[in-house]
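Here is a structure to read with a questioning eye.

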Amino acid sequence: MTILTHELKQNRISFWVWTASIAFMLLICMLMYPEIESGMKAVTNLFASMGSFTAAFGMDRLNFGEVMGFYGIECGNILSLGGGLFSALLGITALSKEEKDRTAEFLLSHPIRRSTVVLQKLGAVLVQVLMLNLIVMGASLAAFGMIGESPAVKEFLLLHGAYTVLQAEISCVCFGISAFLQGNGMGIGMGLTILLYFFNLIKNISDKADLLKYVTPFAYAEPADLISEALIDGRLMGLGILYSVICVGVGFVKYVKKDITA
């Protein structure tokens, strides 16, 4: 567990910066809700008539004037995209940074298997993803309490559960890619996350792009589906977990066999 602990300590500053930033933005959004609640009916009607823009963000299926609809649209996008970017950065740098920072020789000269290195680094990534979501969930509950509202429990848990799996999938995919890199892959990780996010927007706009839901994890973490139907698409989430396992497996094999640049 030495490597896992070291990774957590090494990433603690970036972890707290990202976590605090996401939690703070969620808090600010929720504190704004009572001030704008009275005018939300008109805003909801306006958004409902904006065609493709409305469909892209699921605003045609959520009531922006209700607290859970507001939370799903405003806060959901902050957590899914912000958490996704952080998860991508964790995964894409997990293995490649040893060669980039020239610390691979020191690490691998110790009596420790490469497989152990991979597993403990992956464990550190997933622990941070889980911790971020638990802290943000607690901050969200506190925000609901501060404005005198209560979340719909089932929908709230489904939403945050889906975001946790989404971020874990992105981190695992990037973790697998990291095994093939020797330099800084942050651009790859962030670019991949944004691409997957836009895949979901395109899928929402056009029925012809419906196949994209089998590619992007944002499809099973769609707030409009989770809140309006109180149901998660188990098939899509299962595919996401399968993609995660495959990418981690490929990365594992690659890292164990690759020639490490010291």
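Q: Why is Lys213 called buried in this predicted model?
A: Buried means under 20% relative accessible area, exposed means over 50%, and partly exposed lies in between (1.4 Å probe, protein chains only). Lys213 has 18% relative accessibility, so Lys213 counts as buried.

Q: How do you know what the model's values rest on?
A: The model is predicted: local features need pLDDT of at least 70, side-chain atom pairs count only at pLDDT 80 or more, and totals for chains, interfaces and linings use all residues. Residues are numbered from 1 along each chain as its sequence is written, and side-chain values use heavy atoms, with hydrogens and water left out.

Q: How many salt bridges does a search of the whole structure find?
A: The search finds 3. One of them joins Asp233 and Arg235, with the closest N and O atoms 3.7 Å apart. Asp233, at 26% relative accessibility, counts as partly exposed. Arg235, at 57%, counts as exposed.

Q: Why does the pair of Lys121 and Glu7 tie together parts 114 residues apart in sequence?
A: Lys121 lies in helix H8 and Glu7 in helix H1, so the pair links those parts. Helices (H or I, at least four residues) and strands (E, at least two) are DSSP runs, numbered from the N terminus. Both Lys121 and Glu7 are buried.

Q: What makes the buried residues of H1 line one face of the helix?
A: Helix H1 covers residues 2–10, and its buried residues are Ile3, Leu4 and Glu7. Seen down the axis of H1, they fall within an arc of 100 degrees, so they line one face. The arc is that of the directions from the helix axis to the C-beta atoms. An α-helix has 3.6 residues a turn, so residues three or four places apart point the same way. The face of H1 turned away from the buried side carries the exposed residues Thr2 and Lys9.

Q: How many helices and strands does the protein have?
A: There are 12 helices and 0 strands. Of its 262 residues, 48% count as buried.

Q: What makes a set of residues a nonpolar core, and how many residues has the largest one?
A: A nonpolar core is a set of buried Ala, Val, Leu, Ile, Met, Phe, Trp, Tyr and Cys residues joined through side-chain atoms within 4.5 Å. The largest such core has 57 residues. Those with the most contacts inside it include Ile22, Tyr71 and Leu132. Elements that give two or more residues to this core include helix H2 (12–36), helix H5 (67–94) and helix H8 (114–146). H5 supplies the largest share, 13 residues.

Q: Which residues are in contact with Leu132, leaving aside its neighbours within four places in sequence?
A: Contact means heavy atoms within 4.5 Å. Leu132 is in contact with Phe15, Thr19, Ile22, Leu79, Phe86 and Gln167.

Q: Why is Gln167 called buried?
A: Gln167 has 1% relative accessibility, so Gln167 counts as buried. Gln167 lies in helix H9. Among the residues it touches, not counting those up to four places away in sequence, are Gly83, Gly84 and Asn133.

Q: What makes a nonpolar patch, and which residues form the one on the surface?
A: Patches are made of residues with over 30% relative accessible area and no salt bridge; like charges are joined within 9 Å, and nonpolar side chains (Val, Leu, Ile, Met, Phe, Trp, Tyr) within 5 Å. Phe24, Met25, Ile28, Leu31, Met32 and Met146 form this patch, with about 570 Å² of accessible area together. Such areas come from the Shrake-Rupley method with a 1.4 Å probe; for residues, only the protein chains shown count as cover. H2 gives the largest share, 5 residues.

Q: Why is Ile28 called partly exposed?
A: Ile28 has a relative accessible area of 35%, so Ile28 is partly exposed. Its place is in helix H2.

How values were computed. A salt bridge is a side-chain nitrogen of Lys or Arg within 4 Å of a carboxyl oxygen of Asp or Glu.
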